[in-house]
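Thanks for coming, everyone. Let's take a quick walk through one chain. Please have the viewer open.

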Amino acid sequence: MNKPVLYIVVPCYNEEEVLPETSKRLKVKLSDLVAAGKVSEDSRVLFVDDGSKDRTWEMIRAYHEEDPHFSGVKLSRNRGHQNALLAGLMTAKDLADCAISMDADLQDDINAIDGMVDKYLEGCDIVYGVRSARDTDTFFKRFTAEGFYKFMEIMGAEVVFNHADYRLMSKRALEALSEYEEVNLFLRGMVPMIGYKTATVEYERGERFAGVSKYPLKKMLAFALDGITSLSDRPIQFILTLGLVTTAGGLASLPVSLIRYAKSDHENDTALLQSSLWTVGGLVLTSLGIVGDYVGKIYLETKHRPRYFIAEVLDNRKD
């Protein structure tokens, strides 16, 4: 059996502070895998510059010129983490037998790559990196992160618990992923839909080596909403159910309201009426907002706009 060509895909946005350490550690890991006979000498670390405003691309170019085991993809402008990750994976699809995606901040344990490659060699097409614990997180971070996965499950989005975007995908899985053409990307939910043989590798997530997080709470909430509305129509089903329950409750209370109206002096009914109007008005506005989000996504999908443009590729294996 020929040794597989592995590409480690690393999206980067303003990562000049952490990139020197990331490149050093990944180079050592790739060399170790080659020395152990697990992957081919043609394997690469593929950095994807998502329209960075600092020296990220200059550094990637310098790494490539110094060592051909570093490759680079530069997007024409900032398109967001998911688009940058997809651009890297689709580039690797044509050059590698398998690809591992991970963030540049070194929070993902690089040593978990060994386990992922082992599972791939055993015949798995997709290997998920899953956090074994969240002991290093604050209570608020742990509560919101775990709540995110549970809420996604309730909303009908199929995601792997405690898994982000640290995963291995075989060439066959990457080919399948390329068939998904939606503009609204949520790879954590799209990859499980592919199927094929899967496995998990547990690891402990560390602290960010340098720089600042690109996913503050506000962005994480928006990311969760995008994921739910991109993968499931369950929120609309909830709206329908809520509307039916509210209507049924209103009809059931109508006789009581009429009797109270006939017998009372109507002073207390004014406050009750105002409360009911505020409640129903809030439900209507919330429902319109959710439906509007779906309509907006339909609008974007019908345009069929490109998800990204690649301005430059640095890879001596690419034709």
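**A buried aspartate, and outwards from there**

Asp165 counts as buried because its relative accessibility is 5%. Buried means under 20% relative accessible area; exposed means over 50%, and partly exposed is in between, with a 1.4 Å probe and protein chains only.

A word on the source. This is a predicted model, where local features need pLDDT of at least 70, side-chain atom pairs count only at pLDDT 80 or more, and totals for chains, interfaces and linings use all residues. Residues are numbered from 1 along each chain as its sequence is written, and side-chain values use heavy atoms, with hydrogens and water left out.

Back to Asp165. Where does Asp165 lie? In strand β6. Helices (H or I, at least four residues) and strands (E, at least two) are DSSP runs, numbered from the N terminus. The side chain of Asp165 makes a polar contact of 3.2 Å with the side chain of Gln82. A polar contact is a pair of N or O atoms within 3.5 Å; within protein, one must be able to donate a hydrogen and the other to accept it, and residues adjacent in sequence count only if both atoms are side-chain atoms. Not counting residues up to four places away in sequence, Asp165 touches His81, Gln82, Leu85, Ser101, Met102, Leu187 and Arg188. Contact here means heavy atoms within 4.5 Å.

Stay in β6 and find Ser170. Ser170 counts as buried too, at 3% relative accessibility. Leave aside its neighbours within four places in sequence, and Ser170 is in contact with Asp97, Cys98, Tyr120 and Asp125. Take Asp97: Ser170 is 73 residues from Asp97 in sequence, but C-alpha to C-alpha they are 6.1 Å apart.

**The sheet**

Now zoom out. The chain has 10 helices and eight strands. In what order do the eight strands stand in the sheet? The order is β7-β5-β6-β4-β1-β2-β3-β8, in an open sheet with mixed pairing. Two strands pair if DSSP finds at least two bridges between them. β7 (198–203) and β8 (310–314) are at the edges with a single partner strand each, so one side of each has no neighbour in the sheet. From one strand to the next, the twist averages 20°.

Look at β7 first. Its partner β5 pairs with it in the parallel sense, over six bridges. Ile126 stands opposite Thr198 in β7. One face of β7 is covered, with Ala199, Val201 and Tyr203. The uncovered face has Thr198, Thr200 and Glu202.

Compare β2. Strand β1 (residues 6–12) and strand β2 (residues 44–49) pair in the parallel sense, over six bridges. Tyr7 stands opposite Arg44 in β2, and the bridge partner of Val9 is Leu46. Are the faces of β2 covered or uncovered? Both are covered: Arg44, Leu46 and Val48 are buried on one side, and Val45, Phe47 and Asp49 on the other.

**Helices across the strands**

Next, the helices. α1 lies across β1, β2 and β3 (70–75), at about 155° to β2. α4 lies across β1, β4 (98–101), β5 (126–131), β6 (163–170) and β7, at about 40° to β6. Axes are lines fitted to C-alpha atoms, for helices over the stretch in contact, and angles run from 0 to 180 degrees between N-to-C directions.

How do the two helices meet? The axes of helix α1 (residues 19–35) and helix α4 (residues 112–121) come within 11 Å and cross at roughly 35°. Leu26, Lys29 and Leu33 of α1 make the contact with Ile113, Asp114 and Val117 of α4. That contact has four nonpolar, no polar and two charged residues. Ala, Val, Leu, Ile, Met, Phe, Trp, Tyr, Cys and Pro count as nonpolar, Asp, Glu, Lys and Arg as charged, and the others, Gly among them, as polar.

One more helix. Helix α7 (residues 187–194) is mostly covered, with seven of its eight residues buried. Just after α7, Gly195 takes a positive phi of about 90°.

**The whole chain**

Last, two totals. Buried residues make up 43% of the 319 residues. Among contacts between residues at least 6 apart in sequence, 84% join residues at least 24 apart. Over to you for questions.
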